[in-house]
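Here is a short briefing to read alongside your structure. Take a moment to look the fold over before going on.

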Amino acid sequence: MEPRPMMDRLEAVFSIVPKARAIADIGTDHGYLAVELINRNRADFVIAGDVHKGPLASARAYVESCNLQERIDCRLGDGLKVTKRGELTGAICCGMGGFLIRDIVDAGPEPLEFYVLQPQNGQKELRQYMVQKGYIIVLEVIVEDNGKLYTAFLAVRDDCVESYTGIAEYPDIYAELSEHSLLWSIGALLEQERPPLWNTYIEYLIYQRQCALNGMTDALSHTDKYKELAGEIAYLRTLL
């Protein structure tokens, strides 16, 4: 079977995956990303994991239709718990909440060389967790897919950064941030690079917060939450 085209958000994820010996695609769904990792020579071996039987069965059927069952192992189970120590170089987690991704990374059998993560929420907490665990965020991307905006990032273990970036003293922009900085949620590298979708992304973040403010009653207009949202909107406008 000819490989099926991936959604734009998965193409964006693929674009920041380093070439590696073995990668886990956690939450593989239909297995499209796992197949592309092999077909485009991004990985020699892939573990495609999913906690749900239906999607995993679809992934296994797709892998077999592409004659890649020797190089893609489909496993049913919870996150990185389906893997063993020494099996992997890196892992990909897409389309989940940031807190769930954090728990998946934390429950893995060992700290991997890299993680490519695409959280649907909890971006601040996930980035802070990865940095606290000794990882440096070296790439971030924004993509629009079917009218929605997604961000993803590549986090590399600090002792592996030079081998992945070619830079001995990699400038860790997150190391300089206050823990309260909104850039933990937005993406400090995105702010630095200002990709083509930057203004659209910032306008969307403003819209989200403005909707939250508009939903508050007059009685809530003096609360700390109201002031926090208003302050974030003011800051976001400076980024346009």
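Is the crossing of α1 and α2 left-handed or right-handed? The two helices cross in a right-handed way. Please keep in mind that this is a predicted model.

**The α1 and α2 pair**
- Helix α1 covers residues 8–15 and helix α2 covers residues 32–39, and they pack at an angle of about 40° with their axes 11 Å apart.
- Angles under 35 degrees would count as roughly parallel and 65 to 115 as roughly perpendicular, so α1 and α2 are oblique to each other.
- On the α1 side, the contact is made by Leu10, Val13 and Phe14, while α2 brings Leu33, Glu36 and Leu37.
- Sorted by class, this contact has 5 nonpolar residues, 1 charged residue and no polar ones.

**Helix α5 and its surroundings**
- Helix α5 spans residues 123–132, and its buried residues are Gln123, Leu126, Arg127, Gln128, Tyr129 and Met130.
- Those buried residues pack against two helices, α4 (98–107) and α7 (183–186), and against the strands β5 (114–119), β6 (135–145) and β7 (148–157).
- Just after α5 you will find glycine 134, which takes a positive phi of about 95°.

**Domains**
- The protein is divided into domain 1, residues 8–175, and domain 2, residues 197–238.
- The C-alpha centres of the two domains lie 31 Å apart.
- Domain 1 gives 5 residues to the contact between them, and domain 2 gives 5 residues as well.

Methods
Residues numbered from 1 in each chain as written. Predicted model: local features only at pLDDT ≥ 70, side-chain atom pairs only at ≥ 80, totals over all residues. Heavy atoms only, no water. Axes fitted to C-alpha atoms, helices over the stretch in contact; angles between N-to-C directions. Helix = DSSP H or I, 4+ residues; strand = E, 2+ residues; numbered from the N terminus. Parallel < 35°, antiparallel > 145°, perpendicular 65-115°, else oblique. Left-handed = near helix turned anticlockwise from the far one by under 90°. Contact = heavy atoms within 4.5 Å. Nonpolar A, V, L, I, M, F, W, Y, C, P; charged D, E, K, R; others polar. Buried < 20%, exposed > 50% of the residue type's maximum accessible area, 1.4 Å probe, protein only. Domains from an automatic or database assignment.
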